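Open the structure in your viewer and keep the selection tool at hand. The stops below are meant to be taken in order.

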Amino acid sequence: MKQERKLHIKSFGCQMNVYDSRRMADMLAPEGFIETASPEDADLVILNTCHIREKAAEKVYSELGRVRRMKEQAAQDGRQMTIAVAGCVAQAEGGEIIRRAPAVGLVFGPQSYHRLPDLLARAARDGKAVDTEFPVEDKFDHLAPPSRDVTRARGISAFVTVQEGCDKFCTFCVVPYTRGAEVSRPVRKVVAEAERLADAGVRELTVIGQNVNAYHGEGPDGRPWTLGRLLQRLAQMPGLARLRYTTSHPCDLDDSLIAAHRDLPKLMPFLHLPVQSGSDRILHAMNRRHTRADYLQAIARLRAAQPDIAFSSDFIVGFPGESEDDFRQTLSIVGEVGYAGAFSFKYSPRPGTPAAEMAEQVTDAVKDERLQRLQALIDQHQAAFNRRCVNRRLDVLFEKPGRHPGQLVGRSPYLQPVHVMAAKGHIGEIEPVNITEFGANSLFGSLAVSERESRPVLAASGA
Ligand code: SF4
């Protein structure tokens, strides 16, 4: 039996990173690593970094300063702590991280985490190890699946990566450089992973990829399957009650995906479809490959297929050259679509991307002012959407106990957290809930069927 060691992984950024962190933990479990919530106690601390957000590298270096002090304390207590940096900042910075932060023992990119045990051994032997290659082998083939107990403990919602990398080269984005070209996993492997998750009690599956709707994995018939076709296949699994996917590009919204929204009741009527800007001039400078009209047409097609669908988006304000008029077009697209929510960020240059070299960088003061205006508008639309949910009956998938005794928290079809007084036995079940109140980010309601009338939950197994 391997010696028991403690592992702490801190994930930054997107759901891809959360998924990757879980797979790292799965990879290290056979080596005796058990996850701990407190980095101070850990034998191995992994910072799984993201390069999308502002000043990503600086944030990692400041976090490393904190972890280094923990490592020094551990050494004083006679313990050895290894610090590793993973993810997109690791990919972009490589060995530079070890030069600037000598306490770091291991640096590896998103394509290398299936080699973690070897890398750790190398770091232990040589003092340091760096691996930021883009290997030709499929890392997913080498990943250890988590045990049934671990999967259960992680809850009833899970992610499965179906696609990685991106070929779009938006001028502000590092993903094509840090995650590499688009690669799709074969349908058979995705289905096998989904079956294992459903078998362990997962009810909601989110299919993820940097550009997930560009999915073109090999199907059982030897031909590339679209994401729409893959979702149709996953919808056939009886254990899975809900399907979602993220993140999508407007240009890759094909007929099969629109048909999936029309035909699959399990596919939730909520789509994160980033537009980034409402101005054609800026969309062109961003190399988004679509116009405002193309985007609005995609939204209209989805609404025609699924009238109940709601949308969220990402916005960048202050992209180089963005005028007040361009920005107003962004404000107007928010009103035109009527988003249920959205993420908005100030543009910040990423070294090595074309936009970082563009003239006409917008000043910070202008970016701040525009961001405030945009966020206020998004908040208004989000509140209006939440308000429209009041007096509706929504199906809620209950996930966990709430903060108050006797309360559970679940998710509506639109991903809003919904707080309801209900017995714990409802966790993992989808129940109709009458929505009675709304908050900035969540809803409140009561079970539409009283506890007494409600069918017995999880009691029927008799095990
Ligand atoms: S579509 Fe654009 S923003 Fe999205 S990952 Fe690819 S390059 Fe980045």
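Predicted model: local features only at pLDDT ≥ 70, side-chain atom pairs only at ≥ 80, totals over all residues.

Residues are numbered from 1 along each chain as its sequence is written, and side-chain values use heavy atoms, with hydrogens and water left out.

Select strand β1 (residues 5-11) and strand β2 (residues 33-35): they run parallel and are joined by 3 bridges. Strands here are DSSP E runs of at least two residues, and helices are H or I runs of at least four, numbered from the N terminus. Two strands pair if DSSP finds at least two bridges between them. Lys-6 has Ile-34 in β2 as its bridge partner.

Ile-9 is bridged to Ile-46 in β3.

Next, select Lys-168, in the loop between β8 (163-164) and α7 (175-178). Is Lys-168 buried or exposed? Its relative accessibility is 9%, so Lys-168 counts as buried (under 20% relative accessible area; exposed is over 50%, partly exposed in between; 1.4 Å probe, protein chains only).

Finally, show the residues around the ligand, among them Lys-168, Cys-166, His-249 and Arg-288; each has a heavy atom within 4 Å of the ligand.
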